[in-house]
Amino acid sequence: MRESLDRLVVRISDGLALVGAIGVVAMLVHITAYVITRQFSHAPVPATVEIVSYYYMILIAFLPLAWAERRGDMISIEIFAFLMKGRVGRINEIFVALVTAGVYAMLTYTTWLVAMREFSARSFVISLSVAIPVWPSYFVLPIGFGLAAVVTLYRGLMPKQGTAK
């Protein structure tokens, strides 16, 4: 059971990180096309700033959160970690995981409310007289935060391999 949960967490977080990486490449291609067309044809790719701001940057910043949490790459303070060994260290790990997951859960809830508000309003921006819908990008945040909360709880509450349960 533990191994299948581990594989599921790894697949989901790696998949989201892959989508974020694809977003980086797509943004690179898009901005390169914008610069080339602006220089040579004086007709740049329309809505580049809006698409980069509302789609690429959001994907890149928020989808890989669960991946970073799973790898332990988020910021941590370990001033007193050397003092916390054994049971005290484990209690500290669980406490930190619960607090972190709670913060992610609050962020998930609040960004979900914002996403639903933007969805119901069908938010868009105007670029060169074209309406570009931006409401879908608002759903990336609760997805990223929600999965980061799940991964944080999983990582913090599941005993490490090779330790007593």
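Modeller: Start with E118 and R117, whose side chains meet in a salt bridge at 3.4 Å, N to O. A salt bridge here is a side-chain nitrogen of Lys or Arg within 4 Å of a carboxyl oxygen of Asp or Glu. This is a predicted model, so local features need pLDDT of at least 70, side-chain atom pairs count only at pLDDT 80 or more, and totals for chains, interfaces and linings use all residues. Residues are numbered from 1 along each chain as its sequence is written, and side-chain values use heavy atoms, with hydrogens and water left out.

Colleague: Is E118 buried or exposed?

Modeller: E118 counts as buried, at 13% relative accessibility. Buried means under 20% relative accessible area, exposed means over 50%, and partly exposed is in between (1.4 Å probe, protein chains only).

Colleague: Why would such side chains pair at all?

Modeller: Side chains of opposite charge can pair when their charged atoms come close.

Colleague: How many salt bridges are there by this rule?

Modeller: Three. Another one joins R70 and D14, at 2.5 Å from N to O. That pair links distant parts of the chain: R70 is in helix α3, D14 is in helix α1, and they are 56 residues apart. Helices are DSSP runs (H or I, at least four residues), numbered from the N terminus.

Colleague: How accessible are R70 and D14?

Modeller: R70 is partly exposed, with a relative accessible area of 23%. D14 is partly exposed too, at 32%.

Colleague: And what does E93 pair with?

Modeller: E93 forms a salt bridge with R90, and their closest N and O atoms are 2.9 Å apart. Both sit in helix α4, three residues apart, so about one helical turn separates them. An α-helix has 3.6 residues a turn, so residues three or four places apart point the same way. E93 is partly exposed at 34%, and R90 is partly exposed at 22%.

Colleague: New topic. Which residues make up the largest nonpolar core?

Modeller: It has 10 residues: L16, I58, L63, L65, Y104, V140, L141, F145, A148 and A149. Helix α5 gives the largest share, five residues. A nonpolar core is a set of buried Ala, Val, Leu, Ile, Met, Phe, Trp, Tyr and Cys residues joined through side-chain atoms within 4.5 Å.

Colleague: What does I58 touch?

Modeller: Leaving out residues up to four places away in sequence, I58 touches S53, L63, S137, V140 and L141. Contact means heavy atoms within 4.5 Å.

Colleague: Back to α5. How many residues does it have, and what covers its buried ones?

Modeller: Helix α5 runs over residues 140-157 and has 18 residues. From first C-alpha to last it reaches 26 Å, close to the 26 Å expected at 1.5 Å a residue. The expected span is 1.5 Å times one less than the number of residues. The cover on its buried residues includes α1 (2-40), α2 (48-62), α3 (65-71) and α4.

Colleague: What about Y154 — where is it?

Modeller: Y154 is in helix α5. Y154 counts as buried, at 15% relative accessibility. Neighbours within four places aside, Y154 is in contact with R2, L5, D6 and V9. The C-alpha atoms of Y154 and R70 are 8.9 Å apart, though 84 residues separate them along the chain.

Colleague: Last one. Where does M106 lie, and is it buried or exposed?

Modeller: M106 lies in helix α4, residues 86-121. M106 is exposed, with a relative accessible area of 55%.

Notes
Helix = DSSP H or I, 4+ residues; strand = E, 2+ residues; numbered from the N terminus.
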